[in-house]
Amino acid sequence: MTIVCGVDGSKAARDAASAAALLAGVLGRRLVLVHAVERLATLGYAIDPYLFEGQRGYAALKEAGERFLEGLVGDLELGPSAAQRVDVGEPSHVLVDVAEETGAELVVVGTHARGRVASAILGSTSSDLVSRTSCPVLV
């Protein structure tokens, strides 16, 4: 079985990845680290990925995400046992999709602890994830 961990570069996400790695090791589970590259929007219209950053589209952002995940795997000394995945989309949607595809038993994410009012206004990946996924979520 699998533990999926969403990471975005924040300290909270790094702490979540560390906890997920520990759980995966103790439970003998596969760990999948996931970084979502959000779609850009301007004035309500999605930006064509081929126009963003010239002809490179989201490729540059995905490459940066891949480098980030490789660095995180090195920092946490996970080695090749941790799978890495970078997908384009809303983070909670990407995590739900990866959890379903991998048959995840658990999804782990960090929180930015903005508080209830800010989360209600800004939206919250962890709140959305909890309401959309069929497996437990550790925040």
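A residue counts as exposed when its relative accessible area is over 50%, as buried when that area is under 20%, and as partly exposed in between. These terms are used below to describe a model that is predicted.

In soluble globular proteins, nonpolar side chains tend to be buried together. The largest nonpolar core here has 22 residues, and I3, C5, V7, L31, L33, L78 and V108 are those that touch the most other members. At least two residues of this core come from each of β1 (2-6), α1 (11-27), β2 (30-37), α2 (59-75), β5 (82-88) and β6 (104-108). Helix α1 gives the most, with six residues. Apart from this core lies another, of 14 residues, which includes V34, V96, A104 and L129.

The surroundings of V108 can be traced residue by residue. Leaving aside residues up to four places away in sequence, V108 touches I3, V4, C5, G6, A16, A20 and L138.

Two helices, α3 (residues 91-102) and α5 (residues 125-132), form a further contact. Their axes come within 9 Å and cross at roughly 35°, and the crossing is right-handed. Helix α3 contributes P91, S92, H93, L95 and V96 to the contact, while α5 contributes T125, D128, L129 and R132. Sorted by class, the residues of this contact are four nonpolar, three polar and two charged.

Charged side chains also pair with one another, and the structure holds five salt bridges. In one of them, the side chains of E105 and R29 meet with an N to O distance of 2.4 Å. Because E105 lies in strand β6 and R29 in the loop between α1 and β2, this pair ties together parts that are 76 residues apart in sequence. Both partners are partly exposed: E105 has a relative accessible area of 29%, and R29 one of 31%.

R85 takes part in two such pairings. Its side chain meets that of D87 in a salt bridge of 2.9 Å, N to O. R85 also forms a salt bridge with E101, in which the closest N and O atoms are 2.8 Å apart. E101 lies in helix α3 and R85 in strand β5, so this pair ties together parts that are 16 residues apart in sequence. With a relative accessible area of 54%, E101 is exposed, whereas R85, at 23%, is partly exposed. Through shared partners, the salt bridges join R85, D87 and E101 into one network.

Conventions. Residues numbered from 1 in each chain as written. Predicted model: local features only at pLDDT ≥ 70, side-chain atom pairs only at ≥ 80, totals over all residues. Heavy atoms only, no water. Core = buried A, V, L, I, M, F, W, Y, C linked by side-chain atoms within 4.5 Å. Buried < 20%, exposed > 50% of the residue type's maximum accessible area, 1.4 Å probe, protein only. Helix = DSSP H or I, 4+ residues; strand = E, 2+ residues; numbered from the N terminus. Contact = heavy atoms within 4.5 Å. Axes fitted to C-alpha atoms, helices over the stretch in contact; angles between N-to-C directions. Left-handed = near helix turned anticlockwise from the far one by under 90°. Nonpolar A, V, L, I, M, F, W, Y, C, P; charged D, E, K, R; others polar. Salt bridge = Lys/Arg side-chain N within 4 Å of Asp/Glu carboxyl O.
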